[in-house]
Amino acid sequence: MIDIDAAIGYVVAHGDPVERARLSHIRTGQPPPPDAVDRIAAGQMPEGGWPASADGAIPSVDATCFRLAELDDIGALNGPIGERALQWLASAQRADGTWQEHESLTEQAPPWALPGDPEATLYLTSVAGFWLTAAAVITDPFQTRSAYGEIARSSAAWVVAQLRPDGSWPSFLATGWHAAGLLHQQQFFYESARVQQVLGSRLPDMSPADVASMAVALRRVNLGDDWLLQSAWKRLGETQRPDGGWDSNEGPLFDVNTTLTALRALR
């Protein structure tokens, strides 16, 4: 049984202004205060993306997708800041339908964003395609008028070609739920279902942060409350701490973020 009130209290007690703005939006749909948007927008480059580090000179696909997720959490994905980022992300797609980080980021890139690495390419293509298709869901659930429809479709087709016969994928765990959401929304229903089956088999071993992130991604598209989401909610109930929070994968400093993600998954 999940204690929603305890989770809310944990965020109120430990969250910063942006995290509390995220909580307000999750609970009531309240528009974000301008300073919360400004804090996320800080560092956005003229091209529209964000750099991988504070002193970075070029936009990063991974960093930009992270900021898009933050904007989405406060209901600002389709605002001016988010739209500039989405336009840059669309422009950064490669001719084969994929995304990769610029080669100059090789020395500082984490494994999931390493330029030229096949596993990183599959992850970045899944997450970038996911956010382009998720942005369209806000204004048009069936994406009949999406400015990014063809770009998202081409990324989905490339991801489908990388799946193994059993529905697994040669990349990181988070690739799975972004791919499942992207493929479902782009009407690759059978392929999305195969990926979801694999995610379901791995659910018992997932961390609370991964379960919450997966549930948010799958709810972000028109998946409905299916068996995988029901299983994820049960798993979150089993892993909530007595203080109301959930453990992050990066240590206590990020527990509030994980708790907010869980709350959004349960909304």
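Is arginine 235 buried, partly exposed or exposed? Arginine 235 is partly exposed, with a relative accessible area of 21%. Here, buried means under 20% relative accessible area, exposed means over 50%, and partly exposed lies in between (1.4 Å probe, protein chains only).

1. **Ground rules.** This is a predicted model: local features need pLDDT of at least 70, side-chain atom pairs count only at pLDDT 80 or more, and totals for chains, interfaces and linings use all residues. Residues are numbered from 1 along each chain as its sequence is written, and side-chain values use heavy atoms, with hydrogens and water left out.

2. **Salt bridges.** A salt bridge is a side-chain nitrogen of Lys or Arg within 4 Å of a carboxyl oxygen of Asp or Glu. By this rule there are nine salt bridges.

3. Arginine 235 forms a salt bridge with glutamate 238; their closest N and O atoms are 3.9 Å apart. Both residues lie in helix H11 (residues 227-239). They are three residues apart, about one turn of the helix. Helices are DSSP runs (H or I, at least four residues), numbered from the N terminus.

4. **Aspartate 73 and arginine 22.** These two form a salt bridge, with the closest N and O atoms 2.6 Å apart. The pair links distant parts of the chain: aspartate 73 is in helix H4 (residues 61-73), arginine 22 is in helix H2 (residues 17-28), and they are 51 residues apart. Aspartate 73 is buried, with a relative accessible area of 10%. Arginine 22 is buried too, at 4%.

5. **Aspartate 73 and arginine 264.** Aspartate 73 also meets arginine 264 in a salt bridge (2.5 Å, N to O). Arginine 264 lies in helix H12 (residues 255-266) and aspartate 73 in helix H4, so this pair ties together parts that are 191 residues apart in sequence. Both residues are buried.

6. **The network.** Which residues are linked in a network of salt bridges? They are Arg22, Asp72, Asp73, Arg220 and Arg264.

7. **H2 against H12.** These helices pack at an angle of about 10°, with their axes 10 Å apart. Axes are lines fitted to C-alpha atoms over the stretch in contact, and angles run from 0 to 180 degrees between N-to-C directions. H2 is therefore roughly parallel to H12, a label for angles under 35 degrees.

8. **The contact itself.** Contact means heavy atoms within 4.5 Å. H2 contributes Glu19, Arg22, Leu23 and Ile26. H12 contributes Val256, Asn257, Leu260, Thr261, Leu263 and Arg264. The residues divide into five nonpolar, two polar and three charged. Nonpolar covers Ala, Val, Leu, Ile, Met, Phe, Trp, Tyr, Cys and Pro; charged covers Asp, Glu, Lys and Arg; the others, Gly among them, count as polar.

Conventions. Helices (H or I, at least four residues) and strands (E, at least two) are DSSP runs, numbered from the N terminus. Angles under 35 degrees count as roughly parallel, over 145 as roughly antiparallel, 65 to 115 as roughly perpendicular and the rest as oblique.
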